[in-house]
Amino acid sequence: IGEGALVKSMASKLLAVIVVAAACIVGGPYMQAGVATAGLGAISTIAASKAGPFTVHFWAPMSKWLISGASFLDLNRPTDKVSLPQYTALTLTGAF
């Protein structure tokens, strides 16, 4: 693949990410309202929460839990194959 084709490919992927992000930002409140009023029990209650999955407050600890969970996959991995950036992030975020 030539550099021009690579740049075009990267640009189209970036445009797709921007479009999806914009759709999530614009459509998020409508989606939250739809799920919150759908009568789905605990799912509707969680969606309606001010600190639920439609806010940034939900995703910070969730990403921390996912990074911690992913570290369990490294228990049997050789030490030269362990992700240094992942464990650096895990250590730094655990310090606060």
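Me: Among contacts in the chain between residues at least 6 apart in sequence, what percentage join residues at least 24 apart?
Reply: In this predicted model, the share is 12%. A contact here requires heavy atoms within 4.5 Å.

Me: What makes up the secondary structure of the chain?
Reply: The chain has 4 helices and 0 strands, and the order from the N terminus is α-α-α-α.

Me: Which residues make the contact between α3 and α4?
Reply: On α3 they are K64, I67, S68, A70 and S71, and on α4 they are Q86, Y87, L90, T93 and G94. By class, 4 are nonpolar, 5 polar and 1 charged.

Me: Why does G34 count as partly exposed?
Reply: G34 lies in helix α1 (residues 3–36). Buried means under 20% relative accessible area and exposed means over 50%. G34 has 40% relative accessibility, so the residue counts as partly exposed.

Me: What percentage of the residues in the chain are buried?
Reply: Of the 96 residues, 7% are buried.

Me: How does the radius of gyration of the chain stand against that of a compact globule?
Reply: The chain has 19 Å, whereas a compact globule of 96 residues would have a value near 12 Å. The C-alpha trace spans about 50 × 40 × 25 Å along its principal axes.

Terms used
Residues are numbered from 1 along each chain as its sequence is written. This is a predicted model: local features need pLDDT of at least 70, side-chain atom pairs count only at pLDDT 80 or more; totals for chains, interfaces and linings use all residues. Side-chain values use heavy atoms; hydrogens and water are left out. Helices (H or I, at least four residues) and strands (E, at least two) are DSSP runs, numbered from the N terminus. Ala, Val, Leu, Ile, Met, Phe, Trp, Tyr, Cys and Pro count as nonpolar, Asp, Glu, Lys and Arg as charged, and the others, Gly among them, as polar. Buried means under 20% relative accessible area, exposed over 50%, partly exposed in between (1.4 Å probe, protein chains only). The radius of gyration is taken over C-alpha atoms; the globule rule is 2.2 Å times the number of residues to the power 0.38.
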